[in-house]
Every structure is written in C-alpha cells, then in structure tokens.
Amino acid sequence: MSAQEHEGELSAAGVMPRLEADVQKLQATIEELQALLRKEETRHSEELRQFSYAVSHDLREPLRMISSYSQLLNRRYANQLDNDGREFISFIVEAVNRMEQLLGDLLTYSHQFRPLEGAPTLVDPEAVLDAVLLTMEKEIQHSGAKVAHDPLPKVLFDFGRLTQLFRQLIANSIKFRGADPPQIHIAAKETEHETIFSICDNGLGIDPRYHEQIFGIFRRLHGKERPGTGIGLAICKRIVEQHGGRIWVESEAEKGAIFHFTVPQ
C-alpha cells in the first residue's frame, strides 16, 4: 500500500465518525423542532377554542339583546313612531343580523386553523358533490341554476372540508350570477403530481386587478348589493392550502369565472 492510499484510509476513517455524529445531531435537532411544533399547535388550538367560545357566546349575547329589544320596541310602540323611527329600528335589526352572520363566518374561518383530526382519506368528489347539491336544492331551484360535472377522480382529502369547499364555490357562482340563470360546470384534470379541479360559471366575472384580493379575509367587491361577509373565499383558500394545494381564479368582468384548486397526488 502506498503512502497516499494509507493516508486516504486514515482520512476516511476519521471522516465517517464525524459524519455519523453530524447526522445524529441533525436528527436530534429535527426531533426537537417537531416537538416544539406540536407544542405550538396544541397552544394555538387552545387559543382558537377560547376564541371560538368567545365568538359563540360572549360576543353574540349582546347582539341578541339588541335584536330582541329592538323588535320589542317596534311591536309595542310602532303606532307612536313616525316613518323615520320605524326605519331607524329596521336599520338596527339589519345591522345586528349582519353582525351575527359576520361572527358566524369568522367562527367558521377560525375553525380552519385547527389541525386536521386525522390524515386525509381517499374521498369520492362525486359523492361529496351529490350531497352538496342535495343540501343546496332550494338555492339552486330559486336561482334557476344548472349544475353539471364531468367524471371526478378520487382524491386524498378531508370529507367534511371538501364538502365545505364545493358548497362555498357553488354558492359564490349562484350569488354572483348575471342576468341569465347560473350555468355551473365542475371538472377535474389529473397530472403527474396533482389533480386540478375547476368550477366554471357564467356569472358577473371578476376584474383581473382583484384576482388576488378576493381570497383575503373581508374582501368584498360588490358592497351591500350582494349578500355576504367577504370570508367565504378566504375559507376556501385556507382549506386548500391545509391539504397542500393552491387555489386561483381565471376571469374577466362580465365574462364569468373559473375557480381552480389543486390536490396533490
């Protein structure tokens, strides 16, 4: 054995223990970080639980009192009030109802920050969609909407949250319809790494300037002329991202919209 070969063996013999020590140290660091993340998730879950309780009880109770006494005032003293007085009471009741809806949607949004109860399971989107359309039957009939879909492949997702996602996107298409009855079509395309869903409609459309903004919380483009609190698409974004996907929209004003979201394979 040459001197160079001998030195190489000694060098390798010295490097391997150091590499093993570095690997062990890295593994210990990863495990420590994972423990910290679990601790943080537990802490945030408890904070969200307390927040949810506050929204459900502490914040809603004063609203119920305002609503009840406003209606009582209207029943008892309606004959003594002029048109302005009755209109003022109606404004109070309307504002309370809107705040109730806002708190309810905010509570729903906060729930999306809770960790999934278990790993996503293989879900049939067609079965989810059938259930959603059944629960939305009244809204669909009232609007004259037609909802169709292509064959949809099974995906790894939480059943309840996929239900919520489909319902919100279909409800948006109905809510922001144009002069014609809503035409909604749902399709999916599989690629090597993900499944891309699309929900296409013939509604009012969205100016490209607002394509990013609409997924932010409390983002509303139509003011009071359309019902809603501006939280629905923020909830959709949170659900999709929680499952490792992304969501975006293709649209122009007055030309309908196509919402896309992905689910990793």
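## Overall architecture

From the N terminus on, the elements of the chain follow the order α-α-α-β-α-α-β-β-α-β-β-α-β-β, which comprises seven helices and seven strands. Helices (H or I, at least four residues) and strands (E, at least two) are DSSP runs, numbered from the N terminus. The model is predicted: local features need pLDDT of at least 70 and side-chain atom pairs pLDDT 80 or more, while totals for chains, interfaces and linings use all residues. Residues are numbered from 1 along each chain as its sequence is written, and side-chain values use heavy atoms, without hydrogens and water.

Of the 265 residues in the chain, 31% are buried, that is, under 20% relative accessible area with a 1.4 Å probe, protein chains only.

## The largest nonpolar core

A nonpolar core is a set of buried Ala, Val, Leu, Ile, Met, Phe, Trp, Tyr and Cys residues joined through side-chain atoms within 4.5 Å. The largest one has 36 residues, and Leu162, Leu165, Phe166, Leu169, Ile170, Phe259 and Phe261 touch the most other members. Elements that each supply at least two residues include helix H6 (159-175) and strand S7 (257-264). H6 gives the most, with six residues.

## Aspartate 201

Aspartate 201 is found in strand S5 (residues 194-201) and is buried, with a relative accessible area of 12%. Its side chain forms a polar contact of 2.8 Å with the side chain of serine 173; such a contact is a pair of N or O atoms within 3.5 Å, and within protein one must be able to donate a hydrogen and the other to accept it, while residues adjacent in sequence count only if both atoms are side-chain atoms. A polar atom of the aspartate 201 side chain also lies 2.9 Å from the backbone nitrogen of glycine 203.

Definitions and conventions. Buried means under 20% relative accessible area, exposed over 50%, partly exposed in between (1.4 Å probe, protein chains only).
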